[in-house]
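Let's take a friendly walk through a protein model. Have the sequence and the 3D view open while you read.

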Amino acid sequence: MELKAPAPLGESERKKESPLNKPTQGYQNDGIKQENTPTPKFDFSWLKLPKLNITPQKKRKIIEISLIAVPALLLLILSIMIISFVKSEPYRMSKEFLERIENRDITGAYNMTTDAYKSAETLKDFKKLTDKLNSVDISNPKEKDRYMEEIPGMGQYAHIKYKVSGYYVDITVFNDEIDWGIHTVTLSLID
């Protein structure tokens, strides 16, 4: 009996010609050949801009104007963003103050107050106020009123009134040209 050389599984001695075991004709250049498939043609004529008859003097004027107008526009946008951030800061601070009180972060809330408030109210007195505020549901304060006023020689004041489960919480935020801080907090019954 004569032994034959083993053949890989699935192959017979004679390979049948089928599309699966035919070598591909796609790669030939240095062992790699690309098939010549036609690339699709797209019509981009609608994308072309109309030709403008602009003289070199007009082009120069447009460039000179844009060199001034674009930075001026960017400065205007930046100043509007800064002003809106500064004006929204006391309102953001008052909400954060209430959140800290709700989360029982009494020292964190006390640190948000102004130096004048700290000199008038001790931390022990402040804890009594936070206990009153926590006896009321302050988790979803609804803003009823807010306005800002500037007192010459003193600074800016932002007054915010929140409605919370049958009570009003009035918060005054003060800016002494250095930083905003909680100036007063009062809890009053809705009449």
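## A methionine on the surface

Methionine 81 counts as exposed, because its relative accessibility is 53% and the cut-off for exposed is over 50%. Before going on, keep in mind that this is a predicted model. Where does methionine 81 lie? You can find methionine 81 in helix α1.

Now let's turn to charged side chains. How many salt bridges does the structure hold? There are six salt bridges in the structure, and three of them are described here in turn.

Start with glutamate 96, whose side chain meets that of arginine 92 in a salt bridge, at 2.6 Å from N to O. Glutamate 96 and arginine 92 are separated by about one helical turn, because they stand four residues apart in helix α1. The side chain of glutamate 96 also meets that of arginine 100 in a salt bridge, with an N to O distance of 3.0 Å. Glutamate 96 and arginine 100 both belong to helix α1 and are four residues apart, about one turn of the helix.

These contacts belong to a network of salt bridges that links Glu89, Arg92, Glu96 and Arg100. Are its members buried or exposed, or something in between? Glutamate 96 counts as partly exposed, since its relative accessibility is 23%. Arginine 92 is partly exposed as well, with a relative accessible area of 41%, and arginine 100 is partly exposed with 27%.

Another salt bridge joins the side chains of lysine 161 and aspartate 170, at 4.0 Å from N to O. Lysine 161 is partly exposed at 29% relative accessibility, and aspartate 170 is partly exposed at 22%.

| Residue | Partner | N to O distance |
|---|---|---|
| Glutamate 96 | Arginine 92 | 2.6 Å |
| Glutamate 96 | Arginine 100 | 3.0 Å |
| Lysine 161 | Aspartate 170 | 4.0 Å |

## Two residues with positive phi

Next, look at the backbone. Arginine 104 has a phi near 65 degrees, a positive value in a residue other than glycine. Arginine 104 sits in the loop between α1 (56-102) and α2 (106-111). Arginine 104 is exposed, because its relative accessible area is 53%.

Serine 165 is not a glycine, yet its phi is positive, at about 30 degrees. Which strands lie on either side of the loop that holds serine 165? They are β2 (155-164) and β3 (167-175). With 49% relative accessibility, serine 165 counts as partly exposed, because a residue needs over 50% to be called exposed.

## The largest pocket

Last, turn the model to look for its largest pocket, which has a volume of about 210 Å³. The elements that give two or more residues to the lining of this pocket are α3 (115-120) and β4 (180-189). In total, 14 residues line the largest pocket, and those nearest its centre are Thr113, Thr114, Asp115, Trp180 and Gly181. What classes of residue make up the lining of the largest pocket? The lining has five nonpolar, five polar and four charged residues.

Note on methods: Residues are numbered from 1 along each chain as its sequence is written. This is a predicted model: local features need pLDDT of at least 70, side-chain atom pairs count only at pLDDT 80 or more; totals for chains, interfaces and linings use all residues. Side-chain values use heavy atoms; hydrogens and water are left out. Buried means under 20% relative accessible area, exposed over 50%, partly exposed in between (1.4 Å probe, protein chains only). On a 1 Å grid over the protein atoms alone, a cavity is a set of points where a 1.4 Å probe fits but cannot get out, and a pocket is an open set with protein on both sides within 12 Å along at least five of seven lines; lining residues have an atom within 4 Å of a point. Grid points are joined across faces, edges and corners, and a volume is the space filled by probe spheres set on the points. Ala, Val, Leu, Ile, Met, Phe, Trp, Tyr, Cys and Pro count as nonpolar, Asp, Glu, Lys and Arg as charged, and the others, Gly among them, as polar.
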